[in-house]
Amino acid sequence: MMNSNRMVIRHARQLVTNEASRPLKGREMEENLKVIEDGGIWIENGLIKKIGTDKEVWKAVCDHGQTKLVTLIDASQHLVTPGLVDPHTHLVFAGSREDEFEMRLKGAAYMDIMNAGGGIHRTTSATAAASEEELMAVAKERLDLFLRHGVTTIEAKSGYGLSLENERKQLVVAKRLNAIHPVTIVSTFMGAHAVPKEYKTNRETFVDMVVENMIPAIAREGLARFNDVFCEEGVFTPEQSKRILEAGKAHGLIPKIHADEIVSYGGAELAADVGAISADHLLKVSDKGIEKMAAKGVIGVLLPATAFFLMEKPANARKMIEGNVAVALSTDRNPGSSPTESMPFVMNLACLTMGMTPKEVLTAATINAASAIGEEQVVGSLEPGKKADLVFWNAPNYTYLHYHVGVNMVDKVFKDGKLVVTNGVVI
């Protein structure tokens, strides 16, 4: 009888992964990527036992006398990669803002819409009005879409609450979904996503509330691993952002930062100063910021779909890679500036708008993305001892994955060694 806890994936057309459990930078992003023709993977109890050519893996199975005890999976028509990791999403929210999209197409600026009461503030109101169950339902639909596009692990931020009650509600929903959905969710507290309208003329009071009230309560309940802030002109200053991030550190929350998206504002430098795991966006990052990030090992999480959707020039990925910054990629799924769950689309854009190579993109969407949320020891690459999170693509090779633009080529997804998507459908 075949054992569902033991399986061997055989004859992968190409098996592509990094042999790493750390962020890769510079030339490593290309040179470390391993391409195995006619590849195989031996999986036991949801973990990878051996990876290599089909011949090497099958010999190991035979040597252990396991041939009659495994389920065989034919991958001869597929490219196989690690499950994608999305390290920057705003998963849990209510409402939609397609009318603001139309306003921007007619010339309105993103920050002007937000300052007039739209943008983040509008989503905050809709999220506050939604019940926990309503948020569960819409967020689950988004998670299913992520999974269908090959994403097996994501980060999920709060930030559409701007009060302890509603920030907590978002994080509780993420925790509940993590318990029932195949996609692994790593949570980030982002109470400092915007300044509520009622605090517009008294921002310091709101910062006090985040630091003295929200952060201790969220940390006490163990609802988040990370603490993020929107360090941007007209939102939170570098000084306020530093106070918020240091307060999170004091309560065990690892710093992240929305940095240098609209203007060059010192966000990347601050990320280095506070020891942030990542600095995200970075469209306007300074040369000094890149240098400091590289020196301190801060990962640059780039969001090309956001720049594309806002019709802005994307982040300078080449300068960061050449500056020895480990670069990761993400959808930035949110209702205002990146309404997409498609990491493959983000990967296409990384090649076409930021000049990243196919190998760099795969590294950025797997091991570097996992490293940006502290998951590099368990996911992000196909190595013995790691989770068997992997994707079968309807593609002959890894370059075709980036060349065939705007199409979801996912055929199957395995999470912890279990089939969770087949023929592009969640099961």
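Modeller: Helices α10 and α11 cross in a left-handed manner. A crossing is left-handed if the near helix is turned anticlockwise from the far one by less than a right angle, and right-handed if clockwise. The model is predicted, so local features need pLDDT of at least 70 and side-chain atom pairs count only at pLDDT 80 or more, whereas totals for chains, interfaces and linings use all residues. Residues are numbered from 1 along each chain as its sequence is written, and side-chain values use heavy atoms, with hydrogens and water left out.

Two packed helices are described by the angle between their axes and the distance between the axes. The axes of α10 (residues 267-274) and α11 (residues 287-296) come within 8 Å and cross at roughly 20°. Helix α10 is therefore roughly parallel to α11; angles under 35 degrees count as roughly parallel, over 145 as roughly antiparallel, 65 to 115 as roughly perpendicular and the rest as oblique. The axes are lines fitted to C-alpha atoms, for helices over the stretch in contact, and angles run from 0 to 180 degrees between N-to-C directions. Helices (H or I, at least four residues) and strands (E, at least two) are DSSP runs, numbered from the N terminus.

On the α10 side, the contact (heavy atoms within 4.5 Å) is made by Ala-268, Glu-269, Ala-272 and Asp-273. Helix α11 contributes Lys-288, Gly-289, Lys-292, Met-293 and Lys-296. By class, this contact has 3 nonpolar, 1 polar and 5 charged residues. Here Ala, Val, Leu, Ile, Met, Phe, Trp, Tyr, Cys and Pro count as nonpolar, Asp, Glu, Lys and Arg as charged, and the others, Gly among them, as polar.

A second pair is α6 (residues 132-148) and α7 (residues 164-180), whose axes come within 10 Å and cross at roughly 55°. These two helices are therefore oblique to each other, and their crossing is right-handed. Among the residues in contact are Leu-135, Met-136 and Leu-143 of α6 and Val-172, Val-173 and Leu-177 of α7. This contact has 8 nonpolar, no polar and 5 charged residues.

Helices α6 and α7 also belong to what covers the buried residues of α5, as do α4 (110-115) and β9 (226-231). In α5 (residues 120-129), the buried residues are Ile-120, His-121, Thr-123, Thr-124 and Thr-127. They cover an arc of only 160° around the axis, which puts them on the same side of α5. The arc is that of the directions from the helix axis to the C-beta atoms. Buried means under 20% relative accessible area, exposed over 50%, and partly exposed in between (1.4 Å probe, protein chains only).

Leaving aside its neighbours within four places in sequence, Pro-196 is in contact with His-121, Leu-162 and Phe-206. Pro-196 is buried, with a relative accessible area of 4%.

His-88 is buried, with a relative accessible area of 0%. Beyond its neighbours within four places in sequence, His-88 has contacts including His-258, Asp-280 and His-281.
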